[in-house]
Amino acid sequence: MATGIVLGGAGLALMATLVSVDGGYLAILPGMLAMGLGMGLTQTPSTEAITSALPRDRQGVASALNDVTREFGTAIGVALLGAVLTAGYRSAVDTHLDTVPADTADAAREGIATAIAASDTAGAQAPALVRAAQESFVDGWQQAMWVGTAVMAVLLGYVLARGPRRTAPGTPVTAPASTGDVTVG
């Protein structure tokens, strides 16, 4: 599980480091591959740890709880990283809008899609506006990926300190002390 978290965090760090306006999808592909491999290595042992922590007749409840927490975590993660990306974009785009007409600049502050749509009315400044929006998006993306990397580092620390322990086959699984000493066989 820890290896998967490290790979997921490394994937986020790669996406923060390698992304560029001109790099396209291939610039983030190594990070996406590392993150996908990390998720694959993490999800199976985490599901096993959750379902094996309850008696066999309650494992349906454990599986449902696993599904709910995974969906909830995904929604929170997307919202958090999306908010960081948006804030990073808006912060960065202001530094590029000095020569753009005020109404076009206001539209560009709303987001990259709005900025590109507003470039139709920017005249000679259209290429500069599009480039500014792209660079600002990349800035926001990098900030979001670094926040994600930090979250993964915190998660790794938690899993190493408090997470499930490897047991020999047939050995009862013991829950961490913080949730009570419950042994199930």
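This section describes the fold, the helix contacts and selected residues of a predicted model.

The chain comprises six helices and two strands. Along the sequence, these elements follow the order α-α-α-α-α-α-β-β. The chain has 185 residues, and 29% of them count as buried. Among contacts between residues at least 6 apart in sequence, 58% join residues at least 24 apart.

Helix H1 spans residues 2-18, and helix H2 spans residues 24-52. Their axes come within 7 Å and cross at roughly 165°. H1 and H2 are therefore roughly antiparallel, since an angle over 145 degrees falls in that class. The crossing of H1 past H2 is left-handed. On the H1 side, the contact is made by Thr3, Gly4, Ile5, Leu7, Gly8, Gly11, Leu12, Leu14, Met15 and Leu18. H2 contributes Ala27, Ile28, Pro30, Gly31, Met32, Ala34, Met35, Leu37, Gly38, Leu41 and Thr42. By class, 14 of the residues in this contact are nonpolar and seven are polar. No charged residue takes part in the contact of H1 with H2.

Thr42, one of the H2 residues in that contact, was examined individually. Its relative accessible area is 16%, so Thr42 is buried. Beyond residues up to four places away in sequence, Thr42 touches Met1, Gly4 and Ile5. Gly4 and Ile5 are among the H1 residues that meet H2.

Ile5 also touches Met152, a residue of helix H6. Met152 and Leu7 are 145 residues apart in sequence. Their C-alpha atoms are 9.5 Å apart in space.

Arg131 counts as partly exposed because its relative accessibility is 32%. Leaving aside neighbours within four places in sequence, Arg131 is in contact with Val21 and Asp22. Arg131 and Val21 are 110 residues apart along the chain. A distance of 8.2 Å separates their C-alpha atoms.

H6 also packs against helix H3, which covers residues 59-93. The axes of H3 and H6 come within 7 Å and cross at roughly 140°. The two helices are therefore oblique to each other, as the angle lies between the limits of 115 and 145 degrees. Their crossing is right-handed. From H3, the contact draws on Leu80, Leu81, Val84, Leu85, Gly88, Tyr89, Ala92 and Val93. From H6, it draws on Ala133, Ser136, Phe137, Asp139, Gly140, Trp141, Gln143, Ala144, Val147, Gly148 and Val151. These residues divide into 13 nonpolar, five polar and one charged.

The aromatic pairs were counted next. The count comes to one. Phe137 and Trp141 form this pair, with 6.4 Å between ring centres and 35° between the planes. The pair is tilted. Both residues lie in H6, which runs over residues 126-162. Phe137 and Trp141 are separated by about one helical turn because they are four residues apart in this helix. Their accessibility was also computed. Phe137 has 29% relative accessibility and so counts as partly exposed. Trp141 has a relative accessible area of 17% and is therefore buried, the cut-off being 20%. Both residues also take part in the contact of H6 with H3.

H3 has a further contact, with helix H4 (residues 102-110). The axes of H3 and H4 are 8 Å apart, and the packing angle is about 155°. H3 and H4 are therefore roughly antiparallel to each other. Tyr89, Arg90 and Val93 of H3 meet Ala108, Arg109 and Glu110 of H4. The residues of this contact divide into three nonpolar and three charged, with no polar residue. Tyr89 and Val93 are also found on the H3 side of the contact with H6.

Methods:
Residues are numbered from 1 along each chain as its sequence is written. This is a predicted model: local features need pLDDT of at least 70, side-chain atom pairs count only at pLDDT 80 or more; totals for chains, interfaces and linings use all residues. Side-chain values use heavy atoms; hydrogens and water are left out. Rings of Phe, Tyr and Trp (its six-membered ring) pair if their centres lie within 6.5 Å; planes under 30 degrees apart count as stacked, over 60 as edge-to-face and the rest as tilted. Buried means under 20% relative accessible area, exposed over 50%, partly exposed in between (1.4 Å probe, protein chains only). Axes are lines fitted to C-alpha atoms, for helices over the stretch in contact, and angles run from 0 to 180 degrees between N-to-C directions. Angles under 35 degrees count as roughly parallel, over 145 as roughly antiparallel, 65 to 115 as roughly perpendicular and the rest as oblique. A crossing is left-handed if the near helix is turned anticlockwise from the far one by less than a right angle, and right-handed if clockwise. Contact means heavy atoms within 4.5 Å. Ala, Val, Leu, Ile, Met, Phe, Trp, Tyr, Cys and Pro count as nonpolar, Asp, Glu, Lys and Arg as charged, and the others, Gly among them, as polar.
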